[in-house]
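Reader: I would like to learn how to read a few features of a model from its computed values. Could we take them in turn?

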Amino acid sequence: MKKRTAKWLTTILLSATMILGLTACNSKSEPTTGETTAESKAEYNLPSNETEAAAVDKANVKEIMNIAVSQEGANYDVHKTTTLVARQLFSGTVWEKLVTLNGNAEVVPELCSSWEMSEDATTFTFNLREGVLFHDGTELKADDVVASMNRWIEAFSTAKDLVGNGRFEKVDDYTVKIVCDSAALTLVDMMAGAAQPAIVTTKSICENEDENGYLKEYIGTGPYKFVEWVQGQYITFEKFDDYVPYYLEGTTEEIMDGWAGYKHAYTKQLKFWYVPEAATRVAGLQTGQYDVILSLDSENSKIVEGSTGLEVASEQAGTIALVFNKSEESIAQDINIRHAVNAVANSDDLMMSAFGDYYDLGSCYMDESNAFWLTDAGSEYYNIKDEAKAKEYLETAGYNGETFKILAPTLNHYDNIALVLKAELEAIGMTVEVETVDWATFTTLREDKTVFDLYITSFASVPVPSLKAYYGPEYPGWTVDDTMAEKLAAFNQSTTKEQAYEAWVALQQYSWEYLPCINAGHYGTGYGYSEAVSGLSFGNGVYFWDAYIPQ
Amino acid sequence: MSEKIIELQNLSTSFRTERGLLKAIDGVSFDVHKGEILGVVGESGCGKSVTSQTILRLYDEKYTAVYEGKVLLEGEDILQIPYKKMQDIRGRRISMVFQDALSSLNPVFTVGYQIREAIRIHQKVSKKQANKMAIEMLSLVGIPAPERRVKQYPHELSGGMRQRVMIAISLACKPRLLIADEPTTALDVTIQAQIMDLIVQLNQQLDMGVILITHDLGVVAETCSRVVVMYLGQIVEEANVEDIFDNPKHPYTLGLIQSIPRLEGDRNKELYTIKGTVPLLSQIPTGCRFAKRCPYAKERCNTQMPDLIPVSETQKVRCFRYLEGGGIRYA
Amino acid sequence: MKKYIIKRILAVIPILLVVSVVIFSLVHLTPGDPAVAILGSDATQEDILALREAMGLNDPIPVQYVNWIVDVFHGDLGNSVVSNAPVASVLKGHFLPTINLAAFAMIISLFVSLPLGMVAARKRGKLTDQIVSVIALCGISVPSFLLGLGLMMLFSVKFRIFPVSGYAPWSAGAIEHIRSLTLPAIALGFMYAALMMRMTRASMLEVLGSDYIKMAKAKGVKEGALIGIHAFKNALVSILTVIGQSIIGALSGAAVVETVFGIPGLGSLIVSSIGRRDYEVIQGIVLLIAFINVFINLITDIAYSFVDPRIRVQ
């Protein structure tokens with residue numbers, strides 16, 4: 001009797017706590033599985049950036065804006081690190097580049113006033129803007145640009161491969177140039193938009209590296225200067241009073257287009273708080289402790305949308321790739337095995353298992369944000385969901401129950417994708433093993449040719465197709481194929497954009513035939529913000545150079 | 001006759017158990033006078049200790065025990081007074097010495113602390129003064145170098161010393177009545193004698209009443225003036241100490257006396273034992289409680305309960321055989 | 001006593017050595033390395049390989065160990081592989097919030113658990129006891145993560161009493177400091193409170209049935225002193241063991257709570273360091289935790305002898 005009372009009380013209290021907890025994580029919402037339409041399309045909502053700056057009353061703007069981010073970089077030396085948070089916080093805000101991307105992902109000048117490319121696409125000359133000041137008060141000169149750009153090339157092997165032995169050199173104090181070994185049409189795209197941004201700092205800062213070769217100080221030319229990084233807590237930026245803004249080419253209006261244009265820095269201080277727990281970020285946004293939060297997944301964005309006074313913005317952020325092991329150690333070396341997997345893979349199920357609503361389908365390897373490169377070449381192979389065909393491929397391959405090993409990191413629920421794929425492969429009679437490990441373990445394991453037949457990873461949006469790593473023979477998965485190399489070379493040696501586009505279409509078509517990997521679909525990300533916040537710049541991230549909160 | 005310190009009238013104590021109320025003592029009546037030592041004897045489980053703890057109301061009255069009858073302390077029924085008031089009686093007017101000093105002294109406090117505490121609960125004295133009194137008490141109970149001992153912990157003392165400490169604690173407030181519950185059981189024989197001598201000596205010195213609970217009739221013979229024999233929660237015989245030994249009226253009393261080893265007896269003869277064992281409280285017989293083990297038991301004994309009947313000025317017995325004129329004799 | 005303490009501290013050295021070998025092997029034999037963490041997920045394979053070589057991660061593990069342990073004996077814990085900051089200063093920075101959090105959590109749980117445990121023992125089997133048992137059961141079975149989020153929803157989001165997340169050091173003012181730590185301390189302390197409550201109740205029950213409590217009662221000791229002094233001091237030995245273990249747990253195991261509330265303590269440091277395979281920092285933390293463990297145990301042992309004179313340290 002007594003025991004029963006105790007149990008009863010326990011049940012009530014426990015369930016009360018659960019309910020409390022669940023409302024904390026909030027309504028895990030309606031189950032989304034089941035309905036799989038042929039071409040699902042995430043409903044992203046990316047507010048267009050406000051272009052008129054007229055009405056901002058600078059005297060009545062809140063001095064501090066608090067932003068919660070989910071990641072902390074190991075360092076913020078963006079020449080060397082590809083960590084997303086590093087470029088989202090620092091690019092365009094603290095650091096600026098010679099060239100950057102506008103809203104149409106076109107390359108436009110930033111620290112240069114103009115640039116010229118030679119007809120053979122080997123020589124690039126940049127004319128620097130005069131009077132631009134670094135945060136340490138010195139003026140931007142050719143020596144700084146040469147030191148910074150060559151440091152970037154050394155750190156970024158893709159760029160290094162592209163330019164060969166060519167390096168930036170000083171022509172005069174306000175002119176630099178680089179002569180590449182062969183055509184390097186996409187060099188400026190890389191400089192403008194690569195995951196390792198080609199930012200410009202001073203010559204002395206470049207030379208002042210720590211033991212591991214990282215920058216000791218973060219000195220740029222942007223509208224905000226770096227003040228403090230308290231590890232595990234926050235990063236503070238402060239408005240740089242001597243910032244020299246620039247106008248978009250051909251205008252004299254104080255407007256922005258994409259990452260380019262006139263930045264106002266209305267808010268005196270930007271504080272980026274490191275808040276790893278998603279529910280905590282949402283709670284902080286609801287209480288007003290944070291004005292903007294990053295890395296909203298589709299579930300949490302519904303919570304934010306449902307809260308009064310809060311808004312959500314969302315956009316495509318990259319692609320999910322199922323990369324095959326094409327070495328002789330793997331059964332996936334057989335192209336028929338690869339096609340069998342591709343034929344049965346249901347992209348909707350795969351993407352939904354990890355991203356909820358924040359995904360859309362599409363056979364193109366490039367993301368929407370880089371509209372120029374979009375093509376539907378090879379789409380006849382995409383998301384065909386044909387079990388009979390898959391079995392045919394298996395038969396052709398002579399598949400006989402060999403174990404197919406899937407390797408997946410636990411990061412961002414990629415392990416869910418692996419489990420869904422396993423079920424799909426088992427449906428066509430394959431024997432499948434799934435290994436899920438943490439991200440750091442994953443990056444080492446995938447270098448071992450005997451460990452996997454397929455692994456799951458993602459690629460953040462890149463400005464040019466050649467940055468897709470899986471075409472390389474060194475990248476885990478090991479694409480060693482003459483035709484592929486030929487088509488990649490044809491792309492890299494293009495001297496005009498039109499030519500490059502043609503080459504890219506052919507490359508993507510061949511990719512779908514050869515299948516170095518399966519492009520499962522595009523995933524999205526969300527940003528939550530208080531409706532009091534104005535002037536946020538969205539597009540390949542959210543940026544704060546014009547953001548303000550009226551008082 | 002000198003004044004009565006305590007008088008038990010028809011005292012019963014029942015315990016709440018899962019099988020209902022169990023009566024551990026049933027209709028116990030006796031009294032103790034000033035300066036007197038009353039022996040309460042019986043086998044384990046006869047209710048001696050329950051009686052003594054009932055007098056101090058040590059059982060939890062809300063959940064565990066139910067008392068009936070009266071305990072008159074100098075005329076006042078202490079079963080009726082508010083429970084909180086018992087705290088003033090315990091240790092000040094009635095004290096108790098337990099059988100195992102090692103487990104009854106708190107191991108984590110010094111001897112001095114435990115005596116001082118007993119003093120300061122009941123008397124408004126300073127710590128310093130209490131310490132002085134504690135030292136006096138220790139020398140009173142015959143502990144050498146008491147100044148040093150007050151700073152020691154129980155485990156640092158010998159068994160006899162600990163028992164003396166406990167007596168010192170009990171007597172710290174010069175109580176009217178001392179209940180000594182088998183005070184010597186845990187000690188070896190020479191120490192036993194010393195402790196008993198001490199109790200007798202202090203009894204005279206302080207002029208208090210003593211209830212000596214024991215199963216050792218030898219001790220009773222040497223120290224007590226009157227004896228109450230208990231069996232299974234009831235008094236079966238009460239008499240002056242001489243009458244108990246010379247003229248026992250109850251077969252159980254006789255059995256107990258015969259169980260004492262004697263120096264002058266035949267050494268080869270097996271020692272007398274009372275046959276059978278004490279029944280459980282839950283299996284109390286309806287008739288005479290001793291009937292099952294009694295060599296003289298008759299039909300009536302199994303069905304009817306005899307009353308405790310005075311047979312002389314000083315002696316009472318609960319037995320049909322005696323009342324019907326039958327005698328009992330040594331086996 | 002002094003001799004004993006010195007002996008015990010010296011005895012720590014071999015323990016720490018063994019711990020260091022084990023942790024070093026574990027950390028270095030686990031797949032994954034800091035190069036990827038530093039370069040980010042989109043880095044090219046060539047860059048990763050080059051950095052690995054440059055960082056000396058390709059040296060044989062025994063060589064790396066000897067290099068490291070020699071430095072440790074010279075008082076140099078090395079530099080973070082990832083951020084290049086001295087490990088000692090990284091630890092120092094993260095240790096303070098953890099100590100404050102753990103201390104706060106312990107204070108809360110002691111104030112809750114000891115009285116409740118004592119009351120439960122006194123009212124054994126009654127409603128009060130059952131309520132306390134249920135609270136204790138919840139404390140043990142509700143994950144601190146869930147409790148933390150629940151508290152946050154209630155007291156931060158709904159009532160706006162405490163901040164959602166973030167740590168305010170003492171220098172930001174006592175009130176801010178306490179406000180920033182209150183919810184995490186409750187979330188962290190609840191489990192330990194439950195453990196202590198159970199232990200207090202169990203050992204009080206054992207003690208309350210003992211002869212010396214009966215004796216004290218017969219002396220006329222009042223109810224309060226009986227439980228609060230006589231029984232409690234005896235029960236304290238077993239309670240101290242749990243307190244010691246709880247302090248160790250709170251100091252080294254606050255990772256989840258620290259992550260939820262954004263407290264930059266040891267727990268969140270170890271989580272992020274493992275994610276980045278920041279070898280030197282992981283090793284430093286583990287050594288520190290091993291040391292804390294031994295130290296707290298030593299303090300507990302000494303405390304025993306103050307509580308119970310029968311226990312002598314030697």
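Reader: In which helix of chain B is D88(B) found?

Author: This is a predicted model. D88(B) belongs to helix α2, which spans residues 86-89 of chain B.

Reader: How many Å separate the C-alpha atoms of D88(B) and N268(B)?

Author: The separation is 54 Å, for two residues that lie 180 residues apart along the chain.

Reader: Why is helix α11 of chain B described as largely enclosed by the rest of the structure?

Author: One counts the buried residues of the element. For α11(B), residues 251-258, the count is eight of the eight residues, so the helix is largely enclosed by the rest of the structure. The buried residues begin with P251(B), Y252(B), T253(B) and L254(B), and the list also includes G255(B), L256(B), I257(B) and Q258(B).

Reader: Which elements do the buried residues of α11(B) pack against?

Author: The partners are in chain B: the strands β3 (37-41), β9 (226-231) and β10 (234-240), together with the helices α9 (217-223) and α10 (241-246).

Reader: Which strands pair with β19(A), and in which sense, parallel or antiparallel?

Author: Strand pairing is read from bridges, and there are three cases to go through here. Strand β14 (residues 310-324) of chain A runs antiparallel to β19(A), with 13 bridges between them. Strand β13 (residues 292-296) is also antiparallel to β19(A), joined by three bridges. Strand β15 (residues 359-360) pairs with β19(A) in the antiparallel sense too, over two bridges.

Reader: Which residues of β19(A) stand opposite L296(A), L322(A) and Y359(A)?

Author: L296(A) is placed opposite G526(A). The bridge partner of L322(A) is I518(A), and Y359(A) faces Y523(A).

Reader: Next, the chains. Which pair of chains shares the most contacts?

Author: Two pairs of chains are in contact, and chains A and C share the most contacts. Chain A and chain B do not touch, their nearest C-alpha atoms being 13 Å apart.

Reader: How much area do chain C and chain B bury between them?

Author: The size of an interface is often given as the accessible area lost when the parts come together. For chain C and chain B that is about 2,400 Å², with 58% of it on carbon and sulfur atoms. On the chain C side, M215(C), K217(C) and K219(C) lose the most area to chain B, together 27% of what that side buries. In terms of contacts, 22 residues of chain C meet 30 residues of chain B.

Reader: How many salt bridges and polar contacts does the rule find across that interface?

Author: The rule finds one salt bridge. E117(B) forms a salt bridge with K219(C), and their closest N and O atoms are 3.0 Å apart. The interface also has 11 residue pairs in polar contact.

Reader: Which helices of chain C supply the side that touches chain B?

Author: Helices α9 (211-219) and α10 (223-252) of chain C each supply at least two residues of that side. The largest share, seven residues, comes from α9(C). By residue type, the side of chain C that touches chain B divides into 12 charged, seven nonpolar and three polar residues.

Key:
Residues are numbered from 1 along each chain as its sequence is written. Chains are lettered from A and ligands numbered from 1 in the order in which they are written. This is a predicted model: local features need pLDDT of at least 70, side-chain atom pairs count only at pLDDT 80 or more; totals for chains, interfaces and linings use all residues. Side-chain values use heavy atoms; hydrogens and water are left out. Two strands pair if DSSP finds at least two bridges between them. Helices (H or I, at least four residues) and strands (E, at least two) are DSSP runs, numbered from the N terminus. Buried means under 20% relative accessible area, exposed over 50%, partly exposed in between (1.4 Å probe, protein chains only). Contact means heavy atoms within 4.5 Å. Buried area is the accessible area (1.4 Å probe) that two parts lose on being put together, summed over both. A salt bridge is a side-chain nitrogen of Lys or Arg within 4 Å of a carboxyl oxygen of Asp or Glu. A polar contact is a pair of N or O atoms within 3.5 Å; within protein, one must be able to donate a hydrogen and the other to accept it, and residues adjacent in sequence count only if both atoms are side-chain atoms. Ala, Val, Leu, Ile, Met, Phe, Trp, Tyr, Cys and Pro count as nonpolar, Asp, Glu, Lys and Arg as charged, and the others, Gly among them, as polar.
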